[in-house]
Amino acid sequence: MLNLERLRTLDALARHGSVSGAAEGLHVTTSAVSQQMAKLEREVGQQLLAKNGRGVRLTDAGRLLADHAARILSQVELAQSDIEAQRGEVVGEILLSAFPTAARGLFPAVLLALRGDHPELRVHTRELEPEDGIRAVVRGDIDLAVVLDWSNKRLPVPGGLAKAELLDDAPDIAMPAGHRLAGRAEVDLEDFADDDWVSWPEGEFCYDWLMFTLRSKGIEPRIAHLAGEHHTQLALIAAGMGVCVAPRLGRGPVPDGVRLVPVRQKMRRHVHAVWRTDAGRRPSIRAAVTALRTVGRELAEP
């Protein structure tokens, strides 16, 4: 009889490509992964892993069993979803993630709605950047992620995930109140070719979007400061340290000395939720998507 947890370990190894990656995805030690794989090899009577330089690779038997493991785990999730759907009650636990401004702008109202409508549902949340959120959903670490992309730069969504649009977020350009363009009703990105920029940290999806967008307009960005939190970015703008893109979702109070001006080209952040398709019949997933859509519509109303 094949052990489900050992199949889950093999599936993580196949998806992550390394023992350390599987351990991180499963939130266990590398030793635990190795022990589970050794037990699975004894169960099936075949070698599933082979040395590959300083790492390991799946043998032919390992790849064959990993393909079956992925299907078995998918069927297990479908069975769990069907059992929950059959019961029809929104109960149990659900883990949600969102990028920081969505966590601030959406989650408080969403959590209040879920608590009021489904008091037996225990909801847990965490902040994750969009790409990290998608990876966590694929791994099964979280149930649903709120992610974003931009109208000119889409975020790839892997197969096996479902998606629901929540709202469009129209960001502005934040600049010091004494900036030469602070009196404008609208601005173009090209107007800031000679300005210093305050940006998201390197490697984040929005940093890549900013570099791509400015360069597509013939501007080589002068990135002077990096800050993950929008409140930190706006504090730097208030001190006269440059300009930045300031999304409206979850923005909160704007510091004195900062002027916000809309962009003429109508940049848009598209905010949506993603979850594993196999889990889509769970009443808790459906309830979370409904609450997110409702709050998203309310925020989008003029």
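**Exercise 1. Determine the strand order of the three-stranded open sheet in this predicted model, and work out which strands stand at its edges.**

Step 1. The three strands form an open sheet in the order S10-S7-S11, and their pairing is antiparallel.

Step 2. Strand S10 (244-246) and strand S11 (258-262) each have a single partner strand, so one side of each is left without a neighbour in the sheet, and these two stand at the edges. From one strand to the next, the twist averages 40°.

Step 3. Strand S7 (residues 172-176) is joined to S10 by three bridges, the two strands running antiparallel, and Ile173 stands opposite Val245 in S10.

Step 4. Helix H9 (residues 230-238) packs on this sheet, where it touches S7, S10 and S11, and its direction makes about 130° with that of S10.

**Exercise 2. Describe the five-stranded open sheet, and state which helix packs on it.**

Step 1. The strand order is S4-S3-S5-S12-S6, with mixed pairing. The edge strands are strand S4 (121-127) and strand S6 (161-169), each of which pairs on one side only, while neighbouring strands are turned by 25° against each other on average, direction ignored.

Step 2. Eight bridges join S6 to strand S12 (residues 269-276), and these two run antiparallel; Asp168 stands opposite His270 in S12.

Step 3. The helix that packs on the sheet is H7 (residues 130-139), which touches strand S3 (92-98), strand S5 (144-150), S6 and S12, and whose direction makes about 140° with that of S5.

**Exercise 3. Classify the packing of H2 against H3 as roughly parallel, roughly perpendicular, oblique or roughly antiparallel, and describe the contact.**

Step 1. Helix H2 (residues 19-26) and helix H3 (residues 30-44) have axes 8 Å apart and pack at an angle of about 105°.

Step 2. Because angles of 65 to 115 degrees count as roughly perpendicular, H2 and H3 are classed as roughly perpendicular to each other.

Step 3. On the H2 side, Val19, Ser20, Ala22 and Ala23 meet Thr30, Val33 and Ser34 in H3; by class, this contact has four nonpolar, three polar and no charged residues.

**Exercise 4. Apply the analysis to H6 and H10: what is their orientation, and which residues meet?**

Step 1. The axes of helix H6 (residues 107-117) and helix H10 (residues 283-300) come within 9 Å and cross at roughly 130°; the two helices are therefore oblique to each other, and their crossing is right-handed.

Step 2. Phe107, Ala109, Val110 and Leu114 in H6 meet Ala287, Ala288, Ala291, Leu292 and Val295 in H10, a contact that by class has nine nonpolar, no polar and no charged residues.

Definitions and conventions: Residues numbered from 1 in each chain as written. Predicted model: local features only at pLDDT ≥ 70, side-chain atom pairs only at ≥ 80, totals over all residues. Heavy atoms only, no water. Pairing = 2+ DSSP bridges. Helix = DSSP H or I, 4+ residues; strand = E, 2+ residues; numbered from the N terminus. Axes fitted to C-alpha atoms, helices over the stretch in contact; angles between N-to-C directions. Contact = heavy atoms within 4.5 Å. Parallel < 35°, antiparallel > 145°, perpendicular 65-115°, else oblique. Nonpolar A, V, L, I, M, F, W, Y, C, P; charged D, E, K, R; others polar. Left-handed = near helix turned anticlockwise from the far one by under 90°.
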